[in-house]
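Here is a brief report on one protein chain. It starts with the whole chain and ends with a single residue.

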Amino acid sequence: MSRKLSGYSEPRDAPANRRRESRKLAAGTGWMEPLDGTGREEFRLMDTSPSGFRACHRCRALSAGERVRFHHARAEGVAVSIWNRVMGDDVESGFLIVSGGK
């Protein structure tokens, strides 16, 4: 059975989408740096919204609630990791921008 990466949809039994803002697909790379100073990590930008973004990275140590300094082509500032999903070697995270932005 083949799966389309770009055609993801929520399972039928998933709760209703509670997002208040629409998201736009995004491409490109950026970086994030946890405010605790553990080092800069590059990420691949997946989508953006007016107050956040979703990124794919390799930083397994990043935990929900952790603040990071970040930069990508559409915004820069400080964001908090809201959720993380480990998928093999990659980690997908949703971020809420708490200061900065564009």
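Among contacts between residues at least 6 apart in sequence, 47% join residues at least 24 apart. The model behind this figure is predicted. Its protein chain has 7 strands and 0 helices. Read along the sequence, the pattern is β-β-β-β-β-β-β.

Confidence comes next. The mean pLDDT of the chain is 85. A value of 70 or more is reached by 79% of the residues. Residues 1-11 have pLDDT below 50. Beyond near neighbours in sequence, that stretch has 0 contacts in the model.

The whole-chain values are set out below.

| Property of the protein chain | Value |
|---|---|
| Residues | 102 residues |
| Residues that count as buried | 32% of residues |
| Accessible surface | about 7300 Å² |
| Accessible surface belonging to carbon and sulfur atoms | 49% of the surface |

Now to one site. His57 lies in strand β4, which covers residues 52-57. Is His57 buried or exposed? His57 counts as buried because its relative accessibility is 2%, and the cut-off for buried is under 20%.

Which residues does His57 touch, leaving out those up to four places away in sequence? They are Met32, Glu42, Phe43, Leu62, Asp89, Asp90, Val91 and Ser93. With Ser93 there is also a polar contact, side chain to side chain, at 2.7 Å.

To recap the site: His57 is buried, sits in strand β4 and makes a polar contact with the side chain of Ser93.

Note on methods
Residues numbered from 1 in each chain as written. Predicted model: local features only at pLDDT ≥ 70, side-chain atom pairs only at ≥ 80, totals over all residues. Heavy atoms only, no water. pLDDT = per-residue confidence, 0-100. Contact = heavy atoms within 4.5 Å. Helix = DSSP H or I, 4+ residues; strand = E, 2+ residues; numbered from the N terminus. Buried < 20%, exposed > 50% of the residue type's maximum accessible area, 1.4 Å probe, protein only. Areas by Shrake-Rupley, 256 points an atom, 1.4 Å probe, with all protein chains shown as cover. Polar contact = N/O pair within 3.5 Å; in protein donor to acceptor, adjacent residues only side chain to side chain.
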